[in-house]
Amino acid sequence: MADFLAGMARSSRARADAAGTFTDSDFDRPVVPLSLDGFGVIAEIKQRSPAEGALASVDSDRVGRASTYASAGATAISVLTEPERFDGALQHLDEVAAACPQTPVMRKDFLVDTVQVLEARKAGASGVLLIAAMLDDATLADMIDASFEHGMFVLLESFDEDDLRRSRTLVARYGDDVVHGRLLFGVNTRNLRTLEVDPDRLERFAPLLPDGFNVAESGLTSAGDAERVASWGYRLALVGTALMRADDPAALVADMRAAGSGAAA
């Protein structure tokens, strides 16, 4: 299989190169800080998954779903903005941020340039996801710095041990941000180079994570999953496909929060 992540990097670079310029007035929308207590759920809006296929129709009610997540107590709402394989758009982020002004909204994409952090901020994002494997050390630091300059949080994602070790070196530079939950460390059970899932990765990598608000990503579908990852030390779960397919997404958010908080107590 061709390297999925490399393809995403190429298309993301083309989008970044086509991005416009910004003025101070582009960043007037409020930033909503994360509220981190107990066990949190970052609830995702995405139209499609390359591994799972279509999850929602083009004209699906993203705003209504996001409002449901917020009312159920989601810690944040993640919005996929990648257009080619996930049917996302910056407009989706803008819509959700406007509809949920009390809940932090995060841009999830394959970001490769600081300009894309600024795009996210203009669209109302309070945070961004960055993938360690896609970024060299200098670019990663520049993008984290740009996020913090705009008051945004960063979820830094790893899916192999080398990336996780590299991510850990950032604790020396951003220690206060780690402690206060502005820099979150995530482990994705799906390797985005191959799209293969390693269900044991969350438990195996848990001891390698720094002390802080660590995020279990992908493959979590139930309250039992939340309870299990919380027992390994994760403080949040990023949940996408399961919520997009749930008959009652509000109940799933609430049940995962309760189960995870019980295990983390």
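Is Phe110 buried or exposed? Phe110 is buried, with a relative accessible area of 5%; buried stands for under 20% relative accessible area, exposed for over 50% and partly exposed for in between, using a 1.4 Å probe and protein chains only.

A quick word on the background: this is a predicted model, where local features need pLDDT of at least 70, side-chain atom pairs count only at pLDDT 80 or more, and totals for chains, interfaces and linings use all residues. Residues are numbered from 1 along each chain as its sequence is written, and side-chain values use heavy atoms, with hydrogens and water left out.

Now to the rings. Five aromatic pairs occur in the structure; rings of Phe, Tyr and Trp (its six-membered ring) pair if their centres lie within 6.5 Å, with planes under 30 degrees apart counted as stacked, over 60 as edge-to-face and the rest as tilted. One of them joins Phe86 and Phe110 in a tilted arrangement, 5.8 Å centre to centre with 35° between the planes. Phe86 sits in the loop between β4 (76-80) and α3 (90-99) and Phe110 in the loop between β5 (105-108) and α4 (114-122), so this pair ties together parts 24 residues apart in sequence. Helices (H or I, at least four residues) and strands (E, at least two) are DSSP runs, numbered from the N terminus. Ring pairs also link Phe4, Phe86 and Phe110 into a cluster.

Next comes Gly40, found in strand β1 (residues 40-45). Gly40 and Val253 are 213 residues apart in sequence, yet 8.9 Å apart in space, C-alpha to C-alpha.

| Residue | Relative accessible area |
|---|---|
| Phe86 | 9%, buried |
| Phe110 | 5%, buried |
| Gly40 | 4%, buried |
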